[in-house]
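User: I am new to this structure and would like to learn how to read its features one at a time. Could you guide me through them?

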Amino acid sequence: MSRKILIVGAGAAGMMAGIAAADGGATVTILEKNEKPGKKIFITGKGRCNVTNAGDTTEFFKSVVSNPKFLMSSIYGFDAFMVMDFFETEGCHLKTERGERVFPVTDHSSDIIQTLVAALKKRKVRVRYGCEVEELLLEKDTKKVLGVVTTEGERILADAVIMTTGGVSYASTGSNGKGHEILKRAGHTVRDLRPGLVPLTIKEQDCMELQGLSLRNVEAKIQVDNKEIYDGFGEMLFTHFGVSGPLILTASSVLNSKYYGKAAKLMIDLKPALTEKQLDERLLRDFSENQNKSLKNIMPGLLPTKMHDMILKRAAVDPEKKINLVSKEERLRLLAVMKHLEFTITGCRSFKEAIITMGGIQVKEVNPSTMESKVVPDLYIAGELLDVDAFTGGFNLQIAWSTGHLAGQSAAET
């Protein structure tokens, strides 16, 4: 007889778990509290859905921030190329862009969701919408899972339950942390939940004056207690509260992984392609060619217009000063600000703006070879509920596909 499996949550991990379990011969029902599946998938990649990352699998783990070793079995068992092959086979064509990011050819995340829904339907997986789980049903003596209880009081029995309710980021999609609470009551430990891939708040007011300015090809470093914890290169954006953009989101996950809530310094190198000596030579050349102009008139060749006043003020140089009157000391101060633009990080934005949740179910309480709970027999946990997370670029969705697939496969086999 086929095993009867319940999956709680029809997100990326849940739908993939359903597909894998059905392929393993199980009878599968997915319980989803929303009126439709994949709400978070719909908004990922700004609505384009960065499905996965087509980089080398051995390199994948370098982009995982928390507990990369835990993911070895699941990632190698269902890697990015297998995920891509799955979607292509199911009729959703993909493309690979800069940074090995993979998207649907149509640039519509809805196509990824529709493909998953069609794959579930083809495998006769039942999806019950508007069905919210309140509690796990556990056998009194063995603590083995027997099924679930819904908020309506309905008891649904099963041979195995797979929890894939997501984290707490983007609560509007249904990820409100209830899954963690249910698992905690069942005996699991939840590591502190923190926002991941999230914009950072800055103390200095002159940072806010740059609101709307986007910078490309800059270097950002973060220091905590005078120790450098992050050094990255890429794009960033100034906002009304601080800084955001791909470079900053990645930096935030490194910062929040071990130093959440601690004061930190952000240093931006506006000219990372030039050494200090090369930048000084560039300034000397510009100065010699524009001796009779005021300093503010040569700034457009160096930096975006929106930064001119702030940079000159920080360097304590009069923008009206004629180039031939600028002292060596003033020139070196200008150079120093361009190479070491410093801000004080006061924290990060809330879960409402975080792409992912950091923290979650302690991975030592889950078998990495099967995704089965070591605390509750026949209970499986996958996706963002787990204390695993990665940088932007398709890595987090890959974790959801891989852990979901392994959970579904394992639950069907047992």
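This is a predicted model: local features need pLDDT of at least 70, side-chain atom pairs count only at pLDDT 80 or more; totals for chains, interfaces and linings use all residues.

User: Where is Met310 found, and is Met310 buried or exposed?

Analyst: Met310 is found in helix α11, which covers residues 308-314. Buried means under 20% relative accessible area, and because Met310 has a relative accessible area of 4%, Met310 is buried. Distance can also be read in two ways, along the sequence and through space: Met310 and Glu330 are 20 residues apart in sequence, and their C-alpha atoms are 15 Å apart in space.

User: What does Asn34 touch, and where is Asn34 found?

Analyst: Asn34 is found in the loop between β2 (27-32) and α2 (39-43). Not counting residues up to four places away in sequence, Asn34 touches Lys39, Tyr129, Gly130, Thr173 and Gly174. Asn34 counts as buried because its relative accessibility is 12%.

User: How many aromatic pairs are there, and how should I read one of them?

Analyst: Rings pair if their centres lie within 6.5 Å, and planes over 60 degrees apart count as edge-to-face. By this rule the count comes to 6 aromatic pairs. In one of them, the ring centres of Phe86 and Phe87 are 5.0 Å apart and the planes stand at 75 degrees, so the pair is edge-to-face. Phe86 and Phe87 are both buried.

User: Why is the pair of Phe238 and Phe343 edge-to-face, and which parts of the chain does the pair link?

Analyst: The rings of Phe238 and Phe343 have centres 6.2 Å apart and planes at 65 degrees, so this pair is edge-to-face. The pair links distant parts of the chain, since Phe238 belongs to strand β15 (residues 227-238) and Phe343 to strand β18 (residues 341-348), 105 residues apart.

User: Which charged residues lie over a ring?

Analyst: The thing to look for is a charged end placed over the face of a ring. Arg48 lies over the face of Phe103, at 3.8 Å from the ring centre, while the charged end of Arg349 sits over the ring of Phe241, 3.9 Å from its centre.

User: At what angle do helix α1 and helix α13 pack, and which residues meet?

Analyst: For a pair of helices, one reads the angle, the distance between axes and then the residues in contact. Helix α1 (residues 12-23) and helix α13 (residues 395-413) pack at an angle of about 35 degrees, with their axes 7 Å apart, and α1 passes α13 in a right-handed crossing. The residues of α1 that meet α13 are Ala12, Ala13, Met16, Ala17, Ala20 and Ala21, and their partners in α13 include Leu397, Trp401 and Gly408. The residues of this contact divide into 10 nonpolar, 4 polar and no charged.

User: What does the protein chain span along its principal axes, and how many helices and strands are there?

Analyst: The C-alpha trace spans about 90 × 40 × 35 Å along its principal axes, and the protein chain has 13 helices and 21 strands. Of its 414 residues, 55% are buried. Among contacts with a separation of 6 or more, 73% are between residues 24 or more positions apart.

Conventions. Residues are numbered from 1 along each chain as its sequence is written. Side-chain values use heavy atoms; hydrogens and water are left out. Rings of Phe, Tyr and Trp (its six-membered ring) pair if their centres lie within 6.5 Å; planes under 30 degrees apart count as stacked, over 60 as edge-to-face and the rest as tilted. Buried means under 20% relative accessible area, exposed over 50%, partly exposed in between (1.4 Å probe, protein chains only). Helices (H or I, at least four residues) and strands (E, at least two) are DSSP runs, numbered from the N terminus. A charge sits over a ring if NZ of Lys or CZ of Arg is within 6 Å of the ring centre and within 35 degrees of the ring normal. Axes are lines fitted to C-alpha atoms, for helices over the stretch in contact, and angles run from 0 to 180 degrees between N-to-C directions. A crossing is left-handed if the near helix is turned anticlockwise from the far one by less than a right angle, and right-handed if clockwise. Contact means heavy atoms within 4.5 Å. Ala, Val, Leu, Ile, Met, Phe, Trp, Tyr, Cys and Pro count as nonpolar, Asp, Glu, Lys and Arg as charged, and the others, Gly among them, as polar.
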